[in-house]
Amino acid sequence: MKKLLVTGSGGLIGSEVVAFFAAEGAEDCGFDNNLRANFFGPSGDTSWNTKRLRQGYPNFYPNEVDIRDRAAVSDLIKRIRPDAIVHTAAAQS
């Protein structure tokens with residue numbers, strides 16, 4: 001696997017997926033819009049985790065995308081052209 005797209009890359013499961021595959025040499029593209037901060041306030045903010053991944057894995061490329069935005073998701077998938085997608089994000093309407 002060369003290129004992986006991980007939705008919810010700043011969350012608990014998504015960040016572990018990113019870390020595992022980045023350590024294996026995959027190029028990881030993350031989708032996360034830190035919506036937890038809206039729901040839970042500062043204690044739910046996951047930007048620290050995205051920052052940790054950026055600093056620890058130079059082959060991690062985060063994108064601030066809301067997975068409910070079909071056009072944005074479609075455009076990024078076309079641009080990134082991932083070999084696999086791991087969906088760990090949760091969406092609320």
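Helices here are DSSP runs of H or I, at least four residues, strands are runs of E, at least two, and both are numbered from the N terminus. Two other residues have a positive phi without being glycines. Asn-34 has one of about 55 degrees. Arg-81 has one of about 55 degrees too.

Where do they sit? Asn-34 is in the loop between strand 2 and helix 2. Arg-81 is in the loop between helix 4 (70-80) and strand 4. Now accessibility. Buried means under 20% relative accessible area, exposed means over 50%, and partly exposed is in between, with a 1.4 Å probe and protein chains only. Asn-34 comes out at 18%, so it is buried. Arg-81 comes out at 65%, so it is exposed.

A word on the source. This is a predicted model, where local features need pLDDT of at least 70, side-chain atom pairs count only at pLDDT 80 or more, and totals for chains, interfaces and linings use all residues. Residues are numbered from 1 along each chain as its sequence is written, and side-chain values use heavy atoms, with hydrogens and water left out.

Back to helix 1, residues 12-23. Check its length.

Which residues of helix 1 are buried? Gly-14, Ser-15, Val-17, Val-18, Ala-19 and Ala-22. Keep the general rule in mind: an α-helix has 3.6 residues a turn, so residues three or four places apart point the same way. What covers the buried residues of helix 1 includes strand 1 (3-7), strand 2 (27-31), helix 3 (47-56), strand 3 and strand 4 (84-87).

Take Gly-14, in helix 1. Its relative accessible area is 1%, so it is buried. Contact means heavy atoms within 4.5 Å. Leaving aside neighbours within four places in sequence, Gly-14 contacts Val-6, Gly-8, Ser-9 and Thr-88. Val-86 is 72 residues away along the chain, yet the C-alpha atoms of Gly-14 and Val-86 are separated by 8.0 Å.

How many aromatic pairs does a search of the whole structure find? One. Rings of Phe, Tyr and Trp (its six-membered ring) pair if their centres lie within 6.5 Å; planes under 30 degrees apart are stacked, over 60 edge-to-face, and the rest tilted. The pair is Phe-20 with Phe-21: centres 5.0 Å apart, planes at 90 degrees, so edge-to-face. Phe-20 is partly exposed at 48%. Phe-21 is partly exposed at 24%.

Next, the largest pocket. Its volume is about 410 Å³. A pocket is an open set of points on a 1 Å grid over the protein atoms alone, where a 1.4 Å probe fits, with protein on both sides within 12 Å along at least five of seven lines; lining residues have an atom within 4 Å of a point. Points join across faces, edges and corners, and the volume is the space filled by probe spheres set on them.

There are 24 lining residues, and the closest to the centre are Gly-8, Arg-36, Thr-88, Ala-89 and Ala-90. Helix 1 and helix 2 (36-40) are the elements that give two or more residues to the lining. By class, the lining has 11 nonpolar, nine polar and four charged residues. Nonpolar here is Ala, Val, Leu, Ile, Met, Phe, Trp, Tyr, Cys and Pro; charged is Asp, Glu, Lys and Arg; the others, Gly among them, are polar.

Gly-8 is in the loop between strand 1 and helix 1. At 9% relative accessibility it counts as buried. Beyond four places in sequence, Gly-8 contacts Gly-14, Ser-15, Phe-31, Asp-32, Thr-88 and Ala-89. Gly-8 and Val-86 are 78 residues apart in sequence and 9.0 Å apart C-alpha to C-alpha.

Tyr-61 is in strand 3, residues 60-63. Tyr-61 is partly exposed at 41%. Leaving aside neighbours within four places, Tyr-61 contacts Glu-27, Asp-28, Cys-29 and Gly-30. His-87 is in strand 4. Buried or exposed? Exposed, at 53%. Beyond four places in sequence, His-87 contacts Thr-7 and Ile-67.
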